Amino acid sequence: ELSYERVMDIYEAEKAQGVIVSVGGQLPQNIALRLHDNSVNILGTSPEMIDRAEDRFKFSQILDKIGVDQPEWKELSSAEEAEKFADLVGYPVLVRPSYVLSGAAMNVCHNREALHKNLFEATSVSPEHPVVISKFIHGADEIDVDAVAHKGKLLIHAVSEHVENAGVHSGDATLVLPPRDIDEKTMARLKEVAEKVASAFEITGPFNMQIIKKDVPGGEPLLKVIECNLRASRSFPFVSKVLGTNFIDVATHALADYKVPKPVDVMIEKKDYQAVKVPQFSWTRLAGADPFLGVEMASTGEVACFGKDKYEAYWSAIQSTQNFRVPEIGSGILLGRDEFTDEDDFYAVAHTLSKDLGHPLYTNSETVTKYLSRRNIQATTLTLPEQNKRALQQVFQENKIDFVFNLASIRANTVTDENYIARRSAVDFGIPLINDAKCARLFVESVKRKRQELGSLSVGEHPAEVRSWSEFVGGRYC
């Protein structure tokens, strides 16, 4: 039990020389300051600095002071102030409580009604700490930076690119490493941000940052820090495996202040492979839960695979998750979207599925069917009975629906929402589901490339291809 009382019991019983709070997730961070105030020797980054990073208000103030860009923000003093700020910067906005686990009660608000609802949740889950509201930058890329520092000096860092746009919790995100869609100048700027943050918070040990990148026509992309945890993240094992350097080993030397290695930039070395980390969900264990990705974490595990590029790595990784399979050739696909879904992504997914892969498309919304029709993509509207589960399953079986892409950007408010019904039906009937537009685009492109490699026949009818694939799986990428 990672509570203050249990840690103190062990600390006193063992007569320990110190406590490390940077490799146990969020809970040790929450008690770090209390341990420090009770004369416990905390190894690594000072708990006072941890507090400044966890407290949204203090953190934002420090970023402003050191000249590191961040989305516009304001500490909340009342609902009226929140409304004024949201009206000033424009919706959507992000409500962010402090000292919370896995983004609990953190929400994107697209209107005033949602803002009031989420403010109440945020103040309830973290009543002793400030709630900050910030501008949510729609359509921006998100980047993870995992790093280790010693006495404020950066020792090593890794830059992973999210497939999903900003707005999906980093624990639920699909990570690509090394990133090949970020230019060298931007990579250098990301390293500079990590160096500034390490220095400002006098970091010793591991830390993790999420940074959003928004392209600007004719100019440098905007880089804005949205999160910094002065601890190891869940992606430390992933970046260590992919880059061939044990980040926790480096962090241990830094924490112990013993034989601290010299700084090295492992991102400079070019790799002839890429790795992709995908989330694993347990929607089937949570009856009625909405299989939707947002700023609050929902995944319960992850799978990572290597490949010669991100398409091959994603192809392997996504199929390694529980209950996932590639749709059978010619099987039906159920498509869904909402008004906030990126049109380019949705069209690309629908076009590839229909025109390139030959899948018949279905929707459960006349609006979506008409949207596709205007773009010369044929789809059939289905009526999904919301109250009768058996009749609902029969609709899926009769139309041979073997896969669901529901790319809505807004979480459903009711169980009668058409997108919720589609998502939940996929989970309940054991049908693979992709619920993010960027992941859907990557997936259909990966399927297209793989089918082009193997041809239209089944894998078993291509012995030469099977041999080469077996060699690949059994080789250095395994």
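Buried, as the word is used in these legends, means under 20% relative accessible area. The model shown is a predicted one.

View 1. When its neighbours within four places in sequence are left aside, cysteine 305 is in contact with Gln274, Ala275, Val276, Ala313, Ser316, Ala317 and Ser320. For one of these residues, valine 276, the separation of its C-alpha atom from that of cysteine 305 is 5.7 Å, although the two residues are 29 residues apart along the chain.

**View 2. The open sheet of seven strands.** The seven strands of this open sheet follow one another in the order β11-β10-β7-β8-β9-β12-β13, and their pairing is antiparallel. At the edges stand β11, residues 222-229, and β13, residues 301-307, each of which pairs on one side only. On average, and with direction ignored, neighbouring strands of the sheet are turned by 25 degrees against each other.

View 3. Strand β7, residues 141-150, runs antiparallel to strand β10, residues 205-214, and nine bridges join the two. Within this pairing, alanine 147 stands opposite phenylalanine 207 in β10. Helix α9, residues 247-256, packs on the sheet and touches β7, β8 and β10, while its direction makes about 40 degrees with that of β7. The pairing of β7 with β8 is likewise antiparallel and extends over nine bridges, and here aspartate 141 stands opposite asparagine 165 in β8. The hairpin of β7 and β8 has two residues between the strands, and in this hairpin lysine 151 takes a positive phi near 50 degrees.

**View 4. Strand β8 and its pairing with β9.** Of the 13 residues of β8, 12 are buried, so this strand is largely enclosed by the rest of the structure. Two bridges join β8 to strand β9, residues 175-177, and the two strands run antiparallel. Histidine 162 has leucine 175 as its bridge partner in β9.

View 5. A pair of aromatic rings is described by the distance of the centres and the angle of the planes. The structure holds 12 aromatic pairs, and one of them is formed by phenylalanine 236 and phenylalanine 247, whose rings lie edge-to-face at 5.8 Å centre to centre with 90 degrees between the planes. Phenylalanine 236 belongs to helix α8, residues 236-243, and phenylalanine 247 to helix α9, so the pair ties together parts that are 11 residues apart in sequence. Phenylalanine 236 is buried, with a relative accessible area of 2%, and phenylalanine 247 is also buried, with a value of 0%. Elsewhere, Phe324, Phe403, Phe405 and Phe443 form one aromatic cluster.

**View 6. Helix α10 against helix α15.** Helix α10, residues 310-319, and helix α15, residues 437-454, pack at an angle of about 100 degrees, with their axes 9 Å apart. The two helices are therefore roughly perpendicular to each other. On the side of α10, the residues that take part are Lys310, Tyr311, Glu312, Tyr314, Trp315 and Ile318, and they meet Cys439, Leu442, Phe443, Glu445, Ser446, Val447, Arg449 and Lys450 in α15. By class, this contact of α10 with α15 has eight nonpolar, one polar and five charged residues.

**View 7. Helix α11 against helix α12.** Helix α11, residues 343-356, packs with helix α12, residues 366-373, at an angle of about 80 degrees, and their axes are 11 Å apart. That angle makes α11 roughly perpendicular to α12. Glu343, Phe346 and Ala350 of α11 make the contact together with Val368, Tyr371 and Leu372 of α12. By class, the contact of α11 with α12 has five nonpolar, no polar and one charged residues.

**View 8. Glutamine 29 in helix α2.** Glutamine 29 has its place in helix α2, residues 26-37, and is buried, with a relative accessible area of 1%. The C-alpha atoms of glutamine 29 and histidine 253 are separated by 20 Å, and the two residues are 224 residues apart along the chain.

Conventions
Residues are numbered from 1 along each chain as its sequence is written. This is a predicted model: local features need pLDDT of at least 70, side-chain atom pairs count only at pLDDT 80 or more; totals for chains, interfaces and linings use all residues. Side-chain values use heavy atoms; hydrogens and water are left out. Axes are lines fitted to C-alpha atoms, for helices over the stretch in contact, and angles run from 0 to 180 degrees between N-to-C directions. Helices (H or I, at least four residues) and strands (E, at least two) are DSSP runs, numbered from the N terminus. Angles under 35 degrees count as roughly parallel, over 145 as roughly antiparallel, 65 to 115 as roughly perpendicular and the rest as oblique. Contact means heavy atoms within 4.5 Å. Ala, Val, Leu, Ile, Met, Phe, Trp, Tyr, Cys and Pro count as nonpolar, Asp, Glu, Lys and Arg as charged, and the others, Gly among them, as polar. Two strands pair if DSSP finds at least two bridges between them. Rings of Phe, Tyr and Trp (its six-membered ring) pair if their centres lie within 6.5 Å; planes under 30 degrees apart count as stacked, over 60 as edge-to-face and the rest as tilted. Buried means under 20% relative accessible area, exposed over 50%, partly exposed in between (1.4 Å probe, protein chains only).
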